[in-house]
Amino acid sequence: MAARKAFDELWGQGSGETPRPGFEQLGEWLKNTPVTELARRQAMAEAAFRSLGITFSVYGDEQAGERIIPFDIVPRMFTAAEWDKLSLGLEQRVRALNAFVADVYGPRHILKDKVVPEDVILGNPQFCIPANAIVPPHGIYTHICGIDIVRTGADDFFVLEDNARTPSGVSYMLENREAMLRLCPELFAQLAVQPIDTYPDLLRDMLYSVAPRGSQEPTCVLLTPGHYNSAFYEHSFLADSMGIELVEGRDLEVADDIVYMRTIEGRVRVDVIYRRIDDAFLDPLVFNPDSGLGVPGLMSAYRAGNVTIVNAPGTGIADDKAVYSFMPEIVRYYMGTDALLPNVETFRCREPQALRYTLENLEKLVVKLVDGSGGYGMLVGPTASRQEIDDFRTALMAEPQRYIAQPTLALSTVPTLAEKGITPRHVDFRPFILSGADRVTIVPGGLTRVALAEGSLVVNSSQGGGTKDSLIIAAPELQPTEEQHALPYSR
């Protein structure tokens with residue numbers, strides 16, 4: 001862990017006796033609810049998750065089977081002012097990301113102006129050559145983004161990672177809220193929490209808005225790899241919540257550059273595909289010829305403008321951590337102003353000076369593969385063994401262009417229920433941003449991931465992390481009256 005004390009989002013830098021301004025009601029609720037009662041409610045939530053099949057699997061761990069993501073009953077809270085600050089920065093960032101993806105698959109002005117080196121883009125494994133020069137309907141590429149945010153102080157928020165391919169986790173955000181409404185209704189009676197239950201409707205509206213045809217109600221489907229995928233619960237949950245069909249590749253076919261869904265009543269034309277499979281498996285005629293997950297001819301239909309693919313093929317270039325390191329320049333280039341949400345300081349190991357600094361300070365830094373995800377391919381220097389550090393040193397020297405390094409931040413903490421009672425644990429935050437044909441929409445919530453192990457900074461579920469509900473408090477002018485507070489909370 002970093003040397004300086006982490007900022008606690010409920011108590012600030014204090015002793016744990018006086019909550020921060022605006023957090024008094026949450027602090028009072030936590031003090032007045034016995035730990036045994038919190039543990040009972042948490043166990044009930046996890047039992048419900050298990051019975052509903054809200055699970056995930058860890059690839060490469062055949063012994064593990066299906067797991068539920070651990071849920072923590074103590075929620076995280078953001079004030080209206082904090083949320084306003086985040087929302088402005090998030091909208092700016094996703095607009096810049098979309099402009100960037102459109103540019104690198106189009107005129108490439110940012111490369112010609114040498115803001116980003118050509119080889120970082122054109123030599124990147126995430127650059128999708130078959131997507132080059134394709135302009136999707138309405139010019140939207142990054143329809144759904146999950147932007148990972150970390151915090152180090154009362155007003156210090158940083159973007160840790162951009163997820164612009166197939167961001168996951170929104171079903172856990174929604175299910176966590178359902179559990180909290182059921183198990184902790186008194187908390188929602190006290191706090192003016194903004195609802196998040198409209199997310200499936202907002203997502204469906206966004207899908208309709210980006211359809212290539214002018215139909216009032218286009219046919220949208222969610223394309224899943226199938227029930228063996230680690231996020232299949234989320235796929236089925238979202239399709240059901242939106243009232244659209246959940247399909248696999250074998251349920252779709254392409255004829256004359258039109259995508260159709262096979263049904264018992266005949267073929268139905270498909271306008272929008274919300275895909276939850278990676279580019280490499282989308283179309284065996286263009287990408288991996290051995291893929292049985294995709295749809296032969298899909299890219300031809302997409303190039304012809306007859307179907308919208310959400311997110312667009314090729315958006316993985318915006319996920320890449322080498323590209324992430326240029327995001328301050330990218331935001332400034334397309335938006336004409338500095339990023340409202342800054343990056344974490346990042347050292348590009350492809351650059352000799354940065355590599356030298358990284359090798360000299362491995363024990364203090366976090367080192368990541370530029371194309372890594374899920375907490376894999378990462379070194380957390382302060383908690384790593386000597387052997388792990390030596391192994392990373394060897395890998396860095398062999399292929400420095402594959403890595404970035406960052407300082408080990410003192411990530412903020414939130415009170416969390418542990419075996420020893422309520423203790424601080426480090427967290428990050430993934431809000432979800434929808435970009436449609438006519439607007440950018442941010443649901444007032446997100447997925448808080450928590451590092452459950454004491455001292456750990458790794459929040460990924462595949463590495464033992466859990467989740468919390470994230471409460472966004474309404475602005476004073478939007479808060480309900482005393483009479484309205486007595487009404488049931490709208491979900």
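**Overall architecture and selected residues of the predicted model**

Lys114 counts as exposed, because its relative accessibility is 71% and the cut-off for that class is over 50%. This residue is placed in the loop between α4 and α5 (118-122). Although Lys114 is not a glycine, its phi is positive, at about 60 degrees. These values, like those that follow, were computed from a predicted model.

A positive phi of about 60 degrees is also found at Arg108, again a residue that is not a glycine. Arg108 belongs to the loop between α3 (80-104) and α4 (109-112). Its relative accessibility is 22%, and Arg108 therefore counts as partly exposed, since the buried class is limited to values under 20%. A further backbone feature occurs at the peptide bond from Val310 to Asn311, which is cis, with omega near -15 degrees. Asn311 is located in the loop between β12 (308-310) and α11 (321-324).

With regard to the overall fold, the protein contains 15 helices and 22 strands. Its radius of gyration is 23 Å, in agreement with the value near 23 Å that a compact globule of 491 residues would have. Along the principal axes, the C-alpha atoms fill a box of roughly 65 × 60 × 50 Å. Of the 491 residues, 56% are buried. Among contacts with a separation of 6 or more, 68% are accounted for by residues 24 or more positions apart.

The surface and the charges were also examined. The protein exposes about 20900 Å², and carbon and sulfur atoms supply 51% of this area. There are 45 positive and 65 negative side chains in the protein. The centres of these two sets lie 3 Å apart.

Asp469 provides an example of a buried position. This residue lies in strand β22, which spans residues 466-472. Asp469 counts as buried because its relative accessibility is 1%, and the limit for burial is under 20%. Its side chain makes a polar contact, at 2.8 Å, with the side chain of Arg177. When residues up to four places away in sequence are not counted, Asp469 touches Phe71, Pro75, Arg76, Asn176, Arg177, Met180 and Phe188.

Arg213 is situated in the loop between α8 (199-209) and β6 (220-223). With a relative accessible area of 35%, Arg213 is partly exposed. Its contacts, leaving aside neighbours within four places in sequence, are with Arg269 and Asp271. The C-alpha atoms of Arg213 and Val272 are 9.7 Å apart in space, while the two residues are 59 residues apart in sequence.

Asp438 occupies the loop between β19 (432-435) and β20 (440-442). Its relative accessible area is 56%, so Asp438 is exposed. Asp438 and Thr413 are 25 residues apart along the chain, and their C-alpha atoms are separated by 37 Å.

Conventions. Residues are numbered from 1 along each chain as its sequence is written. This is a predicted model: local features need pLDDT of at least 70, side-chain atom pairs count only at pLDDT 80 or more; totals for chains, interfaces and linings use all residues. Side-chain values use heavy atoms; hydrogens and water are left out. Helices (H or I, at least four residues) and strands (E, at least two) are DSSP runs, numbered from the N terminus. Buried means under 20% relative accessible area, exposed over 50%, partly exposed in between (1.4 Å probe, protein chains only). A polar contact is a pair of N or O atoms within 3.5 Å; within protein, one must be able to donate a hydrogen and the other to accept it, and residues adjacent in sequence count only if both atoms are side-chain atoms. Contact means heavy atoms within 4.5 Å. The radius of gyration is taken over C-alpha atoms; the globule rule is 2.2 Å times the number of residues to the power 0.38. Accessible areas come from the Shrake-Rupley method with a 1.4 Å probe; for residues, only the protein chains shown count as cover. Lys and Arg count as positive and Asp and Glu as negative; His and the chain ends are not counted. The place of a charge is taken as NZ of Lys, CZ of Arg, CG of Asp or CD of Glu.
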